[in-house]
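Dear colleague,

Please find below the structure that I am handing over to you.

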Amino acid sequence: MTGRAWTHRAARRFGGALAVLFTVATLAFIALQFIPGDPAEAALGGPGSQASAAALEAARVEFGLDRPVLVQYFDFLWRLVRGDLGVSYAQRIPVTQVIANAVGPTFVLAGTALLMAWLLALISVVVASGRSRGARAVASAIDLTAAAMPNFWLASLLVLLFASVLGWFPAVSTGGFDGLVLPALALAIPTAGFIAQVCRAGVDGARQAPFIESARSRGETELGLRLRHVLRHGIVPGLNMTAWSLGSLLSGAAVIEVIFARAGLGRTLVTAVLGRDVPVVLGVVLFSALAYIVVALVTDIAIARVDPRTEAKLAEAVPHA
Amino acid sequence: MRRASGAGDAREAATPGAATRARAGTVRRRFAATEWIAFAVLGVLALCAALPALLAPYAPLAVNPAEAFSAPSWAHPFGTDDSGRDVLSRVVYGARDSLTIGVVATLLGLASGIVLGALAGGSRGLALAPVRVVADRTIEALFAFPGLLLALLLITVWGPSVGSVIVAVAVSTAPGFARMVRGGVRQALGSGAVEAARLQGDRLPRLWSTLVLPEAMRPVLVLATLGVGHAVVLAAALGFLGLGSPPPAPEWGSMLNAGRPYLTKAWWMTFFPGAMILLVGIATTVAGRAFEDGRRFR
Amino acid sequence: MNRILARVENLTVRFPTSSAPAVDGVSVTVHAGECVALVGESGSGKTLTARALLGLLPASAVAEFDRLDVVDERGELEPAPAARSRDWTRIRGARAGLVPQDALGALDPLRRVEHEVGDALRLHRVASGRARRQLVAAALTAAGVPEPERRMRQRADELSGGLKQRALVASALIAGPELIVADEPTTALDAGHRGRVLAELRRRVDGGAGALLITHDLASALGTADRVLVMRHGRIIEAGRPDRVLRDPEHPFTRELLTASPAGRPRGARLLPAEPGTRGEAPAHQGSPATEGPVERASTTVAPRLALESVAVSFGAHRVLDGVDLAVAPGETVGLVGESGSGKTTLLRVALGLHRPDAGTVRVDGVDRSAASTRERRELRRRIAFVPQDPLDSFPRGATGGEVLRDALRAAGAPRAARGTRAQALAHEVGLAAQLLERPATSLSGGQRQRIAIARALARDPELLLLDEPVSALDVTVQARVLDLLDELQRRRGTAYLLVSHDLEVIRHMSDRVLRLEAGVVSAG
């Protein structure tokens, strides 16, 4: 791809990402309008709080709930632009502060899991590539099982085996590398299954492509075919799934952090959901969507350098989380 | 090629590609053994959901404190839980809750995905540009919410209930369906067949009903099958977090949640409900792929 | 005779899925300093024979032979290595080069052209670094690629089909192989570049290499090769020097191949004799007011069936059509030649009313289409029919030929009860047996599908047929029969044709006037 075409595409993508971000915020605002009952009451701890009429009125003014919906909408957008996500009902501190406190451990967890997932997926693909039909069928069955595995159940099984029976790793993740292994593995295995499935399809497609035959006709060795041609074609579809993987890892973190009693965004979110702390839930979800959009933007632009072909074909292949 | 008697064009030898396609056109693809197993598993699960009393040895809510935490045995193949309820029976009855949530959520997600996808893919020309832009952006924006997180947001808004779970799961799966339908509609609208129909003067309603929609809906059976698996897992995750059916109900995710404190003491409380979720996931994927291959062959 | 570079004796190739062998007892020898052409239609086994010489048969193929010898890395004739042997990697690319058949898919879309073309140099340690780059640029130039420095930095997917094919020629020849196997090396090229590639091949042969040229085009084989082998149904049916094959073909199929070529055949001359029992005298087809008798020729007093006046179309900053003038008179055939990317497709879409031009006027029978009412436009549209390049793509999925024709008759306004018999009449008119109408279109041959597409276009008795590359995907003899059919239909019905093709020979044979479309401008050809 020529430099100009690439810059053009990058600019177009960036504009697209901004538009999606705006739509995400709008959808979130629309969802908020569906909260049943009095939002001011929710802000004060729900119907059980027995708040006085004066307290409700004060809360209404405090959270701007007394103004017309359209004004609230623009106010909401304007606050988002300034990075103001409101104040947690439960903790009474800014939601940005809540997120900032929790984001580090979650990114460490998700990053480790992503690396592990790629490692597992590549091992599975490379080992099985070019083997007998039977070996490839076994590898596909493993991918399939891994991808269908509910991570919360897998986490329980890992705890049972490695913490309770073998005692190699702690069942509670308090920090440090020891505590990271089991949660990261529980997140990585299903993701690895998906990545491996997509990469394997790419590899199998490339093995039958006519350019393999023409490379062979130039005297390329079987190893060279695998490294220079087949593997690249296998990895690109997997890279295309990076943003999706991150999204599914963040989703998964919500459950996994609860199971391992690990601090992080996910556990903060679940606690907020159970306590109906709307600003925190909204903030975390919007933050995750932002992370997804940024990662999708970066990988898309980066992939344009590796693979100049049209992007649509591969994007459509991504499974939904 | 020998001259076929009566066929006027017999001397125009069919190209090899045409020959293989011809064979594929007449021969029905057979399903492999694993695919039959997947169909059978789904059949049994459907039976569990429809008539659980037929397959479950005990009532799902029958408490028997004397037998609490019994390991798997002939009397209780999957063991018993903390209240002495039979896990196998609860798993069988749980199929009703879990599969109903999965199927209803998938249908709901599918329906909204089809509408959204058809609007995004079918709105062509300047006049319909606003419709297309809104539909396109909505699809992309819904995609940007990681699935479970969007569901969590919606459940926070509506409060935890089975209904919330169904809608939340449906909204999370809709953009995937919408993208597929949008791609199918765009492809069909640009196809030679639609062009030929336009050239012979056919109008829009006819084009859509005879060519565009049938073409765009072709992958939908496959997607719906795969989608049920995703939906069951997603619903179970919500149940596991205590946001689905209230506790005594035998939903698989809630059962996992209930078994968590007793993981080391009664692993079967966790293992069997989870294994069922895994089984649904694998079976729907294999069946979905089988449909996909069958479709390609036809 | 010079030394032998490759030799196979009594080669048989079978596929487990088929009882008949794909190659059946073929022997081929390639000497140094000679070019052997292997000619045949699709499915004749010519590609499999060539691939067997380089050990590149598909994995599912089972090959048997009495003897298979190929030059080894020192240039001596030795028994060929086993199919998956590593020894092949020292021969292929260095001693033996292959120009693969599929120009569109044979370059890795993820690698730069420089690396794809220079691979043989790297693998056989001929040159590296800057020296390799210079050799790659030189090889691309020799194969007719303009701006080689720029093309080298691009990836295969950014090249047009013609450029890809030339790059493939360069990649096969770059390490100076003695044995060159070229499988349809010019299918994506226009006449000028075709000549250039064949000349480069000839230059290598005159310099001492041996070449095996696989082609469906007997005429170009006769012009290039020293020896011609004609294959059919897996067997060699004719072998000899080009002048002898041309003057005195032994096998009836060779004769058919020779006469089927439209090159140099005057307008209106039948290419192949009519087949007995299929298309006799024209039956009176029901319900169509066809012009019987001699064709009325172009006349200046009648309004043209179709007239494009200063038509311009742009896509963004790219000007696709730049002031096109074109007119088709009643009953005449106008041929339009143009390479891919010249704007042919856009011109057809404008003529069909599928695309509104940015400037200019389109008139049908003298009526300005942009000024016409919706109803009038519908009526005007009825007078023009279209035969697409890929008929199968234009049929609804899974439809039978009969369904396609009956649907076209419905759209043309035929009453339901009459559609069945009229569909059969149409099929008869295009020389298609009635029972074929009940088979799915996917199970028909390319020629049969094209006949259905033509019959569909005739369903509404159009006054003008637009034909978009109607024979480009067909074998030579099938092409001849379709061209004969088009000629005959025109004579009988008086329909005007606008025939678009990249093949100048087809255009010359079929057309009263030839126009050339180049960079969005039409000129007399």
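Leaving aside its neighbours within four places in sequence, with which residues is L213(C) in contact? They are C35(C), A37(C), A182(C), L201(C), A221(C), T224(C) and A225(C), where two residues are in contact if their C-beta atoms, placed from the backbone, lie within 7 Å.

Before going further, please note that this is a predicted model, in which local features need pLDDT of at least 70 and side-chain atom pairs count only at pLDDT 80 or more, while totals for chains, interfaces and linings use all residues. Residues are numbered from 1 along each chain as its sequence is written, and chains are lettered from A and ligands numbered from 1 in the order in which they are written.

L213(C) belongs to strand β9 (residues 210-215) of chain C; helices (H or I, at least four residues) and strands (E, at least two) are DSSP runs, numbered from the N terminus. L213(C) counts as buried because it has 28 C-beta neighbours inside 10 Å. A residue is buried if 20 or more other C-beta atoms lie within 10 Å of its own, exposed if 12 or fewer, and partly exposed in between, with C-beta atoms placed from the backbone. R203(C) is ten residues from L213(C) in sequence, and their C-alpha atoms are 14 Å apart in space.

Elsewhere in chain C, α16(C) is mostly covered, with 13 of its 13 residues buried.

As for confidence, the model scores ipTM 0.77 and pTM 0.78. The average pLDDT of chain C is 86, and 94% of the residues score at least 70; pLDDT is the predictor's confidence in each residue, from 0 to 100. Over residues 277-299 of chain C, however, the pLDDT is below 50.

Chain A has 14 helices and zero strands. Of its 321 residues, 44% are buried. Among the contacts in chain A with a separation of 6 or more, 72% are between residues 24 or more positions apart.

Chain A also touches chain B, in a contact that takes 43 residues from chain A and 44 residues from chain B. On the side of chain A that touches chain B, α13(A) gives the most, with eight residues. The residues of that side divide into 32 nonpolar, nine polar and two charged. Here Ala, Val, Leu, Ile, Met, Phe, Trp, Tyr, Cys and Pro count as nonpolar, Asp, Glu, Lys and Arg as charged, and the others, Gly among them, as polar.

Yours sincerely
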